[in-house]
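Let's take a friendly walk through a protein model. Have a look at the structure below, and then we will go through it step by step.

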Amino acid sequence: MEVCVIKTTSEFKNLISNCFIDNQKRLYLTAFAITQNHDVAEDALQEAYLKVMKKCSQLKDIAFAKTWITRIVINQCKDMIKDNKTVSIENIELNRTYFENFDDEELQFFDLIKNLCSKEKEILTLKYFNEYSLNEISMITKIPLSTVKSKLYRALEKIKSEWRD
């Protein structure tokens, strides 16, 4: 295991920035799953990046950078939805031109989750796109582990029943 020694604030900021950039596709998928709108998801990512760079001194352990960044992106998406009441997050059709870099499985995922509530979308995206454990999802969403499990189960059941129809 390689130990990273950070000597300056500049090096720390570079590591945080690189973590954001390395996970940009997953962060975008998370933002889009929450907002269901390409433009809002992109704006949320840009705003989240600025917040991450501004508040990087608040991160105590670089090992939690990915989780910390994900939490900021999620909160930014929720803030933007609250602030912009004209953004509809219900039944928005996917525009394939925005998703040329995504495979069919990712596009099918968005089609399946479009009718779920926002918390269920968030949990499914964190679990299956970001590959977080249930404990990590609980920490990111700040909801109890048992609630994460029940929401995940409920969301999967909704998808299964919709898939059968």
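**A buried charge and its partners**

Glu122 is buried, because its relative accessible area is 1%. Here, buried means under 20% relative accessible area, exposed means over 50%, and partly exposed lies in between (1.4 Å probe, protein chains only). Before going on, please note that this is a predicted model, in which local features need pLDDT of at least 70 and side-chain atom pairs count only at pLDDT 80 or more, while totals for chains, interfaces and linings use all residues. Residues are numbered from 1 along each chain as its sequence is written, and side-chain values use heavy atoms, with hydrogens and water left out.

Which residue forms a salt bridge with Glu122, with the closest N and O atoms 3.2 Å apart? That residue is Lys78. A salt bridge is a side-chain nitrogen of Lys or Arg within 4 Å of a carboxyl oxygen of Asp or Glu. Glu122 lies in helix α6 and Lys78 in helix α4, so this pair ties together parts that are 44 residues apart in sequence. Helices are DSSP runs (H or I, at least four residues), numbered from the N terminus. Lys78 is partly exposed, with a relative accessible area of 26%.

Glu122 also meets the side chain of Lys119 in a salt bridge (3.7 Å, N to O). Lys119 and Glu122 are three residues apart in helix α6, so about one helical turn separates them. Lys119 is buried, at 18% relative accessible area. Through shared partners, salt bridges join Lys78, Lys119 and Glu122 into one network.

The structure holds six salt bridges. Another one of them pairs Asp79 with Lys51, whose closest N and O atoms are 4.0 Å apart. This pair links distant parts of the chain, with Asp79 in helix α4 and Lys51 in helix α3, 28 residues apart. Asp79 is partly exposed at 29% relative accessibility, and Lys51 is partly exposed at 31%.

Now for the nonpolar side chains. In soluble globular proteins, nonpolar side chains tend to be buried together. In this model, the largest nonpolar core has 45 residues, and those with the most contacts inside it are Ile16, Ile69 and Val73. A nonpolar core is a set of buried Ala, Val, Leu, Ile, Met, Phe, Trp, Tyr and Cys residues joined through side-chain atoms within 4.5 Å. Helix α4 gives the most to this core, with nine residues.

Conventions. Helix = DSSP H or I, 4+ residues; strand = E, 2+ residues; numbered from the N terminus.
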